Structure formats: structure tokens, C-alpha cells
Amino acid sequence: MPNKPGARVQVIDRAAGLLDAIARYSEPVSLKVLMAETGLRASTAHRILSSLMQNGLVEKDQDNLYRLGLKLVQLGIRLHSKLD
């Protein structure tokens with residue numbers, strides 16, 4: 001069955017929301033702050049963040065604070081190299 005135009009994938013929307021929330025801060029941010037920013041439950045946010053970490057899109061430091069991952073830089077560089 002083909003997707004309808006404008007159809008959304010909830011987990012991708014939630015992951016994008018978490019990435020946007022992390023990007024709003026210049027310093028690493030706690031799960032509690034991310035939950036408040038996105039309205040996600042702790043278990044949902046943690047599960048999505050874990051997947052984002054496995055894919056290099058998010059990193060977690062020794063204090064359990066989250067920041068954007070280096071993979072995003074790599075993707076940005078690839079995009080930038082293809083732009084005129």
C-alpha cells in the first residue's frame with residue numbers, strides 16, 4: 001500500500017524533535033530537559049536517543065548529558081561539498 005502524500009512517521013518526527021532540542025543548547029543537555037522540550041516520556045526519549053547514539057547522530061558524555069554527534073558533521077560536509 002503506497003504512503004499517502006504528507007504521511008508522517010512518528011518515530012522519525014520524534015527523533016527529529018530530539019535532535020532539534022539538543023541543537024538549541026550550546027552545552028550538552030539532560031534527558032529531563034529533552035523530555036520537557038519534546039513532551040516525550042523518559043522511556044520513549046531514552047529509546048530513541050539510544051538509537052540515535054548507535055547511529056552516531058547523538059553522543060552522551062560521562063555525566064549522561066546529550067549533544068549532537070559527529071556523524072551530523074560528516075553528513076553536513078557531504079552536503080556542503082555537493083552545493084555550488
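Student: Does Arg67 count as buried, partly exposed or exposed, and at what relative accessibility?

Tutor: Buried means under 20% relative accessible area, exposed means over 50%, and partly exposed lies in between (1.4 Å probe, protein chains only); Arg67, at 34% relative accessibility, counts as partly exposed. This is a predicted model, in which local features need pLDDT of at least 70 and side-chain atom pairs count only at pLDDT 80 or more, while totals for chains, interfaces and linings use all residues. Residues are numbered from 1 along each chain as its sequence is written, and side-chain values use heavy atoms, with hydrogens and water left out.

Student: Which residue forms a salt bridge with Arg67?

Tutor: A salt bridge is a side-chain nitrogen of Lys or Arg within 4 Å of a carboxyl oxygen of Asp or Glu; here the partner of Arg67 is Glu59, with the closest N and O atoms 3.1 Å apart, and Glu59 is partly exposed at a relative accessible area of 25%.

Student: How many salt bridges does a search of the whole structure find?

Tutor: The search finds three. Among them, Arg8 and Asp13 meet through their side chains at 2.9 Å, N to O, where Arg8 counts as exposed at 65% relative accessibility, whereas Asp13 is partly exposed at 31%.

Student: What is the N to O distance in the salt bridge of Arg24 and Glu37?

Tutor: The side chains of Arg24 and Glu37 meet at 2.8 Å, N to O. Arg24 lies in the loop between helix 1 and helix 2 (31–38) and Glu37 in helix 2, so this pair ties together parts 13 residues apart in sequence; helices here are DSSP runs (H or I, at least four residues), numbered from the N terminus. Glu37 counts as partly exposed, at 34% relative accessibility.

Key:
Helices (H or I, at least four residues) and strands (E, at least two) are DSSP runs, numbered from the N terminus.
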